[in-house]
Every structure is written in C-alpha cells, then in structure tokens.
Amino acid sequence: MRFWLVMACIGSLALGCTNSRKPNAPKAVKGFLNLQNWNFEKDGMVPLNGEWAFYWNQFLHPDSIHQQISSPNPTYFSFPGSWNDLQMNGQKLGAEGFATFVLHVKIPEDESLMGLKSRSVNTAWNVWVNGRELGGAGKVGKSQNGMVPATLPRTIPFQHDTSELTIVVQVSNFYHRKGGFWWPLHLGHYDQIQKARESGLAIDLFLLGALLIMGFYHLGLFMLRPKDSSPLFFGIFCLLVGSRM
C-alpha cells in the first residue's frame, strides 16, 4: 500500500510538470506524415504515430522501398502497436515473425541535427533514414536462431540534407509474447532528444533510490521484529522492482 501511494504521488508530480498547451501532433495517413507546419523548436519532439506501410515476413532494404510502395494494395499498420491480432489472408499473425515498417515524413527546412528516440521494445529492431542505417536494439533475424532480442531504450542522431525523410524500421520477434513495435518513435532536434533522455534517466534514478531506501528500511524493520514477516516481503518486493529498473 505504501509503495503504490509513493508511486501515485510521483506520477502526479510528473504529470503536473507537463506542458498542457502543446498542440496535438499530426498522425500519419497511409504511410505519409506531413510535419511542415510543426515547429520543433517551440513544440518539441513529435511521435511518429499513425498508419505506416507494413510488409509482413519481409526485410526490405531502403533501395527497394519505392518498388514495394507502388503495389496496388499495400497493408498499413497502426504504429505503434502489436501485430499479434492483425489479420492477413483471414488469419491472425500471432507474436512470432518479422516485418518492415515504412514512413515518409515531410519536415520544415532545418539544418539542425535531428534524432529519433525510442523506449524499450523487448524485441529486435533496426532503423534507416534516407537509406542510411542508424542502428537500433538487438539483432533482427528471420528465425529465433538468427535474431538477438534486446530491452534497450535508444536515442539515435542523424544528419539530413532534405525536407523529406524516408524512415524504414525492421522488426523481428521470436521470443516475446507480443510482436511489433509497442512504444512511439519520437522525432525531434537531437538536443531535445538528449534532454528528454536525461530527464527520464533522472526520474529512473530517483525511483531507484526510493525503492532501495524502502527496501532496506523494511528489511531493517524485519531484523528488529522478526515475528512480523510483512516488512520482509515488502522489502524484498521493493528490491526486486529496483533490480528490474
């Protein structure tokens, strides 16, 4: 009970610090996202949410994307999300498999260093921007033996010399019960990306410190009163949650 009360207080403080005046971000429609009216300097990062072109059981290289997009009936995926319940040819895809996501983005003329930011996805993914491979998390593959999953948040910088971006994301999953890309992929100036990463890291360190303090405090209470086992269980619970962080 005490743990959830502390978490609720921290969550309320975090929500209170958000900017409620931030405009609603546009969403992608049929594989295209227009951000030419988005002011990155004023409005900050933008999540690349909406309809991405989706190619199931295919690892497409950026050089072949234009040929695939000209197909008469492309499939679109509501990004981010899990592909488990997506139906193709009358059947659900399930968790295991691999795919390529493609999004074309128009951005304002800007020479600033840009970046992408993603939370942990618990699978493997790799990203290209305008044909340049930028990395990701883990190693994508077409089978369980060919892939290496990873639970890693990523911040990825990239240079651009055009107002049109083609973002290609390869994803594979043969380990987790959910397949796909679950968290938003954010686009913004790289200094904004770094600032968001540092803010998230500061919150994580604060939470970790609070969990460790509560964990060792309750273990100490148990040592003073070993007949009452509840502090022992709560202390172990706090340390386990902290170790996961």
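Colleague: What makes the contact of aspartate 85 with lysine 92 a salt bridge?

Modeller: The model is a predicted one, and in it the closest N and O atoms of aspartate 85 and lysine 92 are 3.9 Å apart. The cut-off is a side-chain nitrogen of Lys or Arg within 4 Å of a carboxyl oxygen of Asp or Glu, so the pair of aspartate 85 and lysine 92 qualifies.

Colleague: How many salt bridges does the rule give?

Modeller: The count comes to one salt bridge.

Colleague: Are aspartate 85 and lysine 92 buried or exposed?

Modeller: The relative accessible area of aspartate 85 is 56%, and that of lysine 92 is 54%. Exposed means over 50%, so aspartate 85 is exposed, and lysine 92 counts as exposed too.

Colleague: What is leucine 48 in contact with, leaving aside its neighbours within four places in sequence?

Modeller: Leucine 48 is in contact with Leu33, Leu35, Phe79, Leu103, Leu116, Ile167, Leu185 and Leu187. As a general point, nonpolar side chains in soluble globular proteins tend to be buried together.

Colleague: Why is E10 called largely enclosed?

Modeller: Buried means under 20% relative accessible area. Six of the six residues of E10 are buried, so the rest of the structure largely encloses this strand. Ala124, Asn126 and Trp128 point one way, Trp125, Val127 and Val129 point the other way, and all are buried. In a regular strand the side chains alternate between the two faces of the sheet.

Colleague: How do you know that E10 pairs with E13 and with E11?

Modeller: Pairing takes at least two bridges between two strands. Six bridges join E10 to E13, in the antiparallel sense, and five join E10 to E11, also antiparallel. Tryptophan 128 has valine 168 as its bridge partner in E13, while tryptophan 125 stands opposite alanine 137 in E11.

Colleague: How many residues lie between E10 and E11 in their hairpin?

Modeller: Two residues lie between these strands, and asparagine 130 is in the turn. Its phi is positive, about 50°, although asparagine 130 is not a glycine.

Colleague: Why does asparagine 130 count as partly exposed?

Modeller: The partly exposed class lies between under 20% for buried and over 50% for exposed. At 36% relative accessibility, asparagine 130 therefore counts as partly exposed. Asparagine 122, in the loop between E9 and E10, has a positive phi near 60°, and its relative accessible area of 21% makes asparagine 122 partly exposed.

Colleague: What makes serine 163 a buried residue?

Modeller: Its relative accessibility is 14%, and the cut-off for buried is under 20%, so serine 163 counts as buried. Serine 163 lies in the loop between E12 and E13. Leaving aside neighbours within four places in sequence, serine 163 is in contact with Val105, Lys106, Ile107 and Glu109.

Colleague: Where is proline 80, and what kind of peptide bond joins phenylalanine 79 to proline 80?

Modeller: Proline 80 is in the loop between E4 and strand E5 (81-82). The peptide bond is cis, with omega about 0°.

Colleague: Which residues of H5 are buried?

Modeller: The buried residues of H5 are Pro231, Phe234, Gly235, Cys238 and Gly242. They cover an arc of only 100° around the axis, which puts them on the same side of H5. The face turned away from that buried side carries the exposed residues Phe233, Leu240, Ser243 and Arg244.

Methods: Residues numbered from 1 in each chain as written. Predicted model: local features only at pLDDT ≥ 70, side-chain atom pairs only at ≥ 80, totals over all residues. Heavy atoms only, no water. Contact = heavy atoms within 4.5 Å. Buried < 20%, exposed > 50% of the residue type's maximum accessible area, 1.4 Å probe, protein only. Helix = DSSP H or I, 4+ residues; strand = E, 2+ residues; numbered from the N terminus. Arc of directions from axis to C-beta.
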